Each structure stands twice: as C-alpha cells, then as structure tokens.
Amino acid sequence: MGKKAKKEVETPFKETIEPLPVEGKTPETVVLLLNSPEEDILLKACEAIHTFAEKGDENKLSLLGLGALKPLCKLISHNNKLIRRNACMALGLMATNGDVKIALKKLDAIPSIIDKLSLEEDIVVHEFATLCLASLSTDFVCKVQIFDNEGLPPLIKLLSSPDPDVQKNSLDIIFNLVQDYQSRLAVHTLGGIPPLLELLKSDFPAIQHLSLEMLRNITIDEDTRITLREVQGFEKLMDILGNTEFSDLHAEALQVVANCLIDPESVKLIHKSGGLTRLMEFILSFSKPEIQSNAVKCIAKVAQSSENRNLLHEQNVEKVLVELLSVEDDSVKTATCQAVSPMSLHPATKDSFRDLGGIPAVVELLNNESLVLREAATQALCSLTQNNQLNAFAVYEAGGHELLVQQLYESCPRTVANSAATLSNMAGQEVIHGSILSHGAIQALVEPLKSTHTQVLVNTTQCLAMLACNTEARAELQSAGGLPLLVNLLHSFHKEVLHSACLTINVCASDEPTAVEMCKCGALEMLQEINQSANRRSNYSELAMISLLNSNLSVKYSLTGHLTSTDIISDGFYDAGKACAGQRILALDELSTQPVNQHRPIIVVHTATEKRKEDDKHKGANRPESPTEKRWTMMNDFSLQLLANEAKTSILPLNDQREQFTALARLVSGAMGGAVDKGKLHEFPWVLHLSQLKFQLQSNVVPIGLIGKGFYCHRALLFKCLADCIGMSCTLVRGDYNRGWNEVLLFEGNPSSKGYSPQPCRYTIDLMHQPGSLLTANTPAALQYQTI
C-alpha cells in the first residue's frame with residue numbers, strides 16, 4: 001500500500017499491532033488481511049490478532065467492531081494446519097468476552113469448533129477450541145447445539161489430554177452440559193466416569209474440584225452410580241477421604257459418596273470393604289464443619305433403608321450422632337438431627353439414643369436461633385417419640401413439651417408440623433397430657449388451623465384429637481375460636497386432611513356444648529354432603545356424623561326421626577320438627593329469638609330445679625356457658641318437674657316392668673288430655689291449644705309440661721323424657737303427619753319356666769287411645785297406631 005492509503009486507514013487506537021512483512025500495522029489493516037489469499041499473510045494476521053486480543057477486553061471489542069469474527073470462524077477450518085491453529089487461538093481468546101460470545105452465537109460456528117476437537121488436531125487447537133466452547137456452553141441454546149452436534153464424545157476423550165488447560169476447559173463444558181438430563185445420562189454411556197476418576201489424581205486443585213463437582217452432579221442418576229461402582233469408584237473416593245493431603249477435597253468427595261449411598265448395593269459394597277467403619281472414624285477425626293456435616297449427610301442417605309439402618313446400628317452410629325450434637329457449628333448439628341430422623345425408624349436406635357443422653361441435647365436445640373436447626377430438631381424429636389413412650393417421657397423431663405408448644409407459633413410450616421406431631425406422640429401419657437395443656441397448647445394450635453400446608457393441617461388436627469379429650473380442653477378450643485376453623489377443614493378435598501378433621505370433630509363432639517357449636521358452624525350439613533359422596537365418604541366422616549348427632553340429640557331427632565334407648569333426653573332438648581337433609585337446624589337460642597309465627601311450635605324439655613342448676617354450674621365451671629343454657633336456666637317447667645317427681649314416687653317402686661311402662665303411659669296420657677277415641681281424633685283440639693300457648697308465651701318455643709292437649713308426637717316425647725328421667729329404657733320414633741311413638745323391650749314369661757326365651761319382645765306403647773296397652777311390634781294394631 002502507498003503512503004496515501006496508509007494514512008487513510010490509520011485509527012486513533014493507542015494500541016498497535018507488531019509490524020507485518022506488509023505495508024500497515026493498524027488493527028483495521030490486520031482485520032482486512034484476514035481475507036487475504038496468501039497463507040503466509042493469513043498466518044501472521046491471525047497471530048497478530050491473538051496477540052492484540054490477549055491484552056484485554058477493550059481490544060477484543062475493537063476487533064469485534066472491525067469485523068474480525070466472521071473471517072476467523074472461516075479460518076479455523078483452513079487447510080493449513082498452522083493457520084487453523086492461529087485462528088483458533090485468536091477466536092478462543094476473543095470468545096471469552098461476553099459481547100463476542102453473543103455475536104459468535106449468531107454465526108452458528110459451533111459445528112466448526114467441534115470439528116477442531118478431533119484427536120488429529122494440535123493440542124493448542126484443542127486448548128483454544130475448548131476455551132471457545134466453554135464460553136458458549138453457559139448459554140442454553142449453545143448447550144443444545146453442542147449436544148446435537150455430538151460434541152460430548154470428543155470432549156470426554158479430551159479429559160485424558162496431556163494438557164491440563166484442555167482438561168480444565170473440557171470439564172467446564174461438560175459440567176455446563178450435564179445440568180440437562182440428556183447430557184447427564186450420556187456421560188456414563190460414553191465412558192466418562194473413568195477419566196473423571198483419573199482426574200482426581202491431577203496436580204491441579206481446580207481440576208480435582210471440578211471433577212468431584214461433576215461426579216456429584218451426575219451420580220444423582222442410578223445408572224451412573226452403577227457404572228461408578230463397576231469401575232471401583234467408591235474405593236478411589238474412600239482413598240481420597242483417607243488421605244490427609246487431600247483434605248481440601250474431602251467435603252466434595254463426601255457429597256459424591258452421599259449420592260452413591262442411596263443404593264443398597266453400594267452400601268453393601270462400602271460396608272464389605274470396611275467403609276462404614278472408616279466413615280464413622282472419619283467423622284470424628286476431622287473438626288472442619290463442612291466435612292463433618294457432609295459426612296453426616298452420608299449417614300442420613302445410608303439410613304434411608306431398613307437394612308442399612310441395621311448396619312449403621314451395628315457400627316454404633318448413635319454414639320457418633322450424640323457426640324456431634326455437642327459440636328459448636330450449627331450446620332453440623334442440623335445435619336446430625338437430619339440423620340437422627342431416618343435412623344430413628346430403627347427401634348433399637350430410639351433406645352440407644354435415649355440411653356446415650358441424646359434426647360436432652362436435641363431438646364436444647366429448640367432454643368437455637370437458627371430456623372433450619374430448630375426445624376431439624378423438631379423432626380428428630382418427632383421420629384424419636386414415634387411409638388416410644390420412654391422417649392416421649394424423656395422429652396417431657398427435658399422440658400421439651402413447653403418448647404414444642406412455642407414452636408407452634410413459628411413461621412416455618414415444617415417446624416409447626418413436626419412440633420404438633422411430637423406433642424401428639426407425647427400426649428398419650430396422662431401426666432404429659434396435662435402439662436402440655438397447661439402451657440397453652442390448645443391456643444397455640446388454633447393458628448395452624450388456618451394454614452394451607454397439608455402436613456401442618458394433618459398434624460395439627462391429630463394433635464388436637466389427642467389433647468381435646470376432656471371438657472376443659474374442648475371449652476378452651478371453643479373460646480379460642482378453633483371450632484369454626486376445624487369445621488372449615490371439612491371443605492378440604494385432601495384425603496388425609498379430611499380424615500384428620502373428621503377424627504378431631506369426633507373427639508370434640510363428646511360433649512353437648514361443643515357439638516352444638518360445631519353444628520352452628522355447619523358441621524352436620526358438610527358431613528351429610530361428604531357422606532353422600534362416593535369419593536369423600538369414609539369411616540371417619542361417618543363416625544364424626546354419628547358422634548355429633550349423639551351429643552346433640554335435638555338435631556339427631558330432627559334429622560333421623562329416631563332416638564335409641566341409649567339416647568338419654570336431658571334439659572335443653574328440643575323438638576324442632578322434621579328437618580330435610582342438608583338443611584341447617586337452628587340452635588335453641590336462635591329459635592327462641594324469632595318472632596312468633598304460624599309454624600308448629602318448638603317443644604322444649606326443661607326440668608331443672610335449683611339444686612340441679614347448682615350441680616350443672618359446678619360441672620361446667622371450667623367451660624363457657626352456652627347461649628342455650630343462659631336462656632333456659634331462667635325458665636323452669638314446674639309442670640314437668642311435678643310429672644317427673646310423680647313418676648319417681650309412683651312408678652319406680654312397681655316391681656313388674658310391664659306394669660311400670662303401663663303406669664307411665666297412663667300418667668303421660670292423663671297429663672296431655674287423656675284417651676281419645678279413634679273416631680273422634682279429628683275433634684281433639686291440640687292444634688288450637690298449642691297456638692294459644694304460643695300466643696300466651698309470645699314465643700315459638702313451648703315447654704312440654706305446659707301442653708295439656710298433646711298429640712301422638714307430644715305424648716311420645718313426654719314418655720321418652722320421663723322414662724329417661726327415672727331410668728327406664730325406650731326409643732322415640734317420629735312418624736308422618738305428627739305421629740310419634742315409643743318402643744320398649746320386655747322379656748316374657750318366667751326365666752325358670754319351660755319354653756322361656758332369653759330374647760325380649762318389642763312393643764309399641766299406646767299413649768293415645770287405650771293408654772298403657774302394649775302393641776306387639778309389626779302387628780296390624782301397632783302399625784295402625786303409627787299411621788293414619
């Protein structure tokens with residue numbers, strides 16, 4: 001080029017390229033020379049660009065702006081070996097810049113670069129081709145291109161390259177590729193495990209660490225673990241762990257071992273060679289927290305199977321775990337607790353851990369500031385106390401129950417779930433049960449009922465089922481607002497949550513005030529819906545329904561129209577009439593506040609005397625008084641009291657049971673208008689009488705003792721009420737069109753006479769037409785009494 005041309009291509013760049021045997025030494029000139037047909041010029045131009053790019057990112061960007069990238073991509077495939085080498089050097093170095101990498105990605109250069117990985121190429125070409133691919137392989141699209149263009153096979157072969165830079169670059173590329181499943185599987189099928197193990201002997205720590213990191217990543221797949229076992233990979237890993245000179249590799253080597261110990265075959269292999277013993281010794285001989293925690297994680301992996309737990313128990317693993325709980329580092333204690341959990345599935349481990357003093361040490365961790373450690377500690381205690389009352393008592397003696405109640409307020413769902421499960425495991429012992437309650441467990445369990453975390457809900461409800469087995473606990477749950485939250489869980493479509501909620505409702509329904517409150521929350525309607533569903537119905541939902549009804553006889557009678565001889569009517573019982581399925585039955589306090597209407601009256605039973613009210617007050621001293629009690633303790637039914645007293649004084653003394661039922665029937669009939677001829681039944685003014693009572697009382701609720709003209713349903717209710725009051729057994733059945741009747745069982749004949757049958761006979765008692773007559777069940781006379 002002449003002087004004029006030379007002046008025109010000069011640029012303001014401070015850096016200059018070393019003089020070439022041609023006119024010009026600026027970057028622009030050299031980039032232009034990359035298109036020269038002369039091989040000697042191409043060789044020198046590539047060399048000059050490599051030298052220029054080597055001086056920093058600013059120069060790499062300058063070359064990118066001048067268009068050096070495209071010709072370099074072409075020159076890496078030049079027939080001249082030296083030109084290929086220099087072009088690769090220049091391209092590989094430029095590719096380490098982010099902007100160059102983006103531009104290179106658009107040029108679709110990956111297939112050409114992969115071609116340079118051939119073993120026939122120069123080691124220098126390998127070095128810079130792999131350097132280029134290492135930069136590109138951080139991009140997802142480029143990773144796919146490298147895999148699709150069969151880049152893995154030559155890269156795996158290059159792991160055995162004599163050049164450490166080639167090894168390192170190849171490791172970087174493969175490591176980026178194996179983040180994806182298909183590449184991870186391909187590594188072991190292409191024979192990548194042996195060279196990776198061989199690289200553990202490298203003189204360069206970076207290569208050793210990267211090789212271990214790669215092994216940790218790919219051994220999450222079972223086939224890779226099998227291959228590692230077949231090429232004696234465990235032995236090589238254990239050799240590293242046994243060599244103090246490789247202490248910087250121990251933490252990563254343990255991570256690989258932890259992955260491999262998932263397989264029972266691997267555990268057998270390592271145990272057979274004394275590996276488990278060496279692992280125990282290794283844990284206690286090193287004080288570096290990272291190494292200890294990773295080693296304990298290995299134990300946790302081994303403990304996943306029952307067979308392996310037995311092996312670990314034989315190696316006295318419990319002693320090692322207890323010692324590690326005294327280590328200052330939180331990560332070690334966390335990993336230890338995480339290992340205790342699976343090991344505790346082995347019954348003997350539970351006992352050994354307790355005998356070695358491990359339980360107080362775990363309980364103490366509940367005071368730690370680390371959320372992760374507290375979660376692991378609660379999980380360990382949950383496992384240790386499962387089906388082990390001695391361990392449960394040991395936790396109690398260490399004050400663990402109080403700390404576990406505090407954990408119920410934590411934000412971590414797993415901590416809450418574990419704590420609730422542990423308290424549930426402990427609550428079976430009476431002394432512990434009372435102490436748990438005394439520390440506010442019921443109140444603490446209310447908030448978790450709002451959780452959306454499945455295990456929290458399951459464990460919380462199960463814990464409540466264990467704790468709410470006395471009146472005081474149920475009253476506390478009610479006053480804390482827990483009952484609506486509990487009932488709301490019946491909406492859940494998660495099977496285990498629904499079952500646990502039903503189980504807890506079954507327990508809470510043991511007393512009437514709690515049962516009534518749950519009914520107010522719609523529990524019965526929801527349970528009816530559940531029990532009509534083929535998918536959601538279960539023994540738990542049916543049991544919950546039965547328990548609710550048995551503790552709320554008023555609702556039971558409205559829904560089912562039947563009370564058994566064991567369903568004892570007491571004060572507060574009311575008959576609101578027949579209810580339809582799915583219809584919510586209002587509580588008595590709700591019904592009593594409604595304006596007087598034209599519907600049938602609600603008949604209420606109330607025989608409370610002053611003495612009985614005092615007894616009830618004393619009995620319920622520790623629970624809130626229900627609205628029903630507040631209203632009706634102020635309204636004594638003196639007529640019913642007189643009938644009850646008469647039944648006790650005149651009927652109970654009778655020796656013959658038949659006579660007792662007959663006499664009681666006559667007492668009831670006399671109180672409610674006497675016998676009524678069947679033909680004149682339509683003239684009996686019971687409807688008008690009840691309307692007058694409602695008007696006089698200005699209430700829809702009428703005490704049964706005030707009814708002087710009662711129909712079938714009223715007489716049957718009064719008979720059942722008085723019979724229950726004096727301890728006589730009978731049922732109460734609702735029929736259609738205001739019919740109602742009672743059935744009793746009587747033994748016929750003399751037990752000492754011939755032909756005596758131990759089977760009782762069932763009778764319907766006539767309270768309406770021939771009071772006291774006993775109508776044999778299912779006979780025309782009985783059926784006629786029950787129907788119009």
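**Strand pairing, nonpolar cores and cysteines**

L745 stands opposite R762, a residue of strand 8. This placement is read from a predicted model. The two strands involved are strand 7, residues 743-746, and strand 8, residues 761-765. They pair in the antiparallel sense, over four bridges. Strand 8 also pairs with strand 9, which covers residues 774-776. That pairing is antiparallel too and has three bridges. Within it, Y763 faces T776 of strand 9. Strands of a sheet pair through backbone hydrogen bonds, either parallel or antiparallel.

Three strands make up an open sheet with the order 2-3-4. Its pairing is mixed. Strand 2 (574-575) and strand 4 (701-703) are the edge strands. Each has a single partner strand, so one side of each lacks a neighbour in the sheet. Strand 2 runs antiparallel to strand 3, residues 602-604, and two bridges join them. Y574 has V604 in strand 3 as its bridge partner.

Nonpolar packing was then considered. The largest nonpolar core contains 194 residues. L72, L490 and L548 have the most contacts inside this core. Helix 3, residues 39-53, supplies the largest share of the core, with nine residues. The surroundings of L490 can be listed in detail. A second core is separate and has 52 residues. Among its members are A647, L681, L717 and A723.

C132 is in no disulfide, and its nearest cysteine sulfur, that of C73, lies 7.3 Å away. C132 is buried, with a relative accessible area of 1%. C142 is likewise in no disulfide. For C142, the nearest cysteine sulfur is that of C132, at 9.3 Å. C142 is buried, and its relative accessible area is 1%. Burial here follows from the cut-off, because a residue counts as buried under 20% relative accessible area.

Key: Residues are numbered from 1 along each chain as its sequence is written. This is a predicted model: local features need pLDDT of at least 70, side-chain atom pairs count only at pLDDT 80 or more; totals for chains, interfaces and linings use all residues. Side-chain values use heavy atoms; hydrogens and water are left out. A disulfide is a pair of cysteine sulfur atoms within 2.5 Å. Buried means under 20% relative accessible area, exposed over 50%, partly exposed in between (1.4 Å probe, protein chains only). Two strands pair if DSSP finds at least two bridges between them. A nonpolar core is a set of buried Ala, Val, Leu, Ile, Met, Phe, Trp, Tyr and Cys residues joined through side-chain atoms within 4.5 Å.
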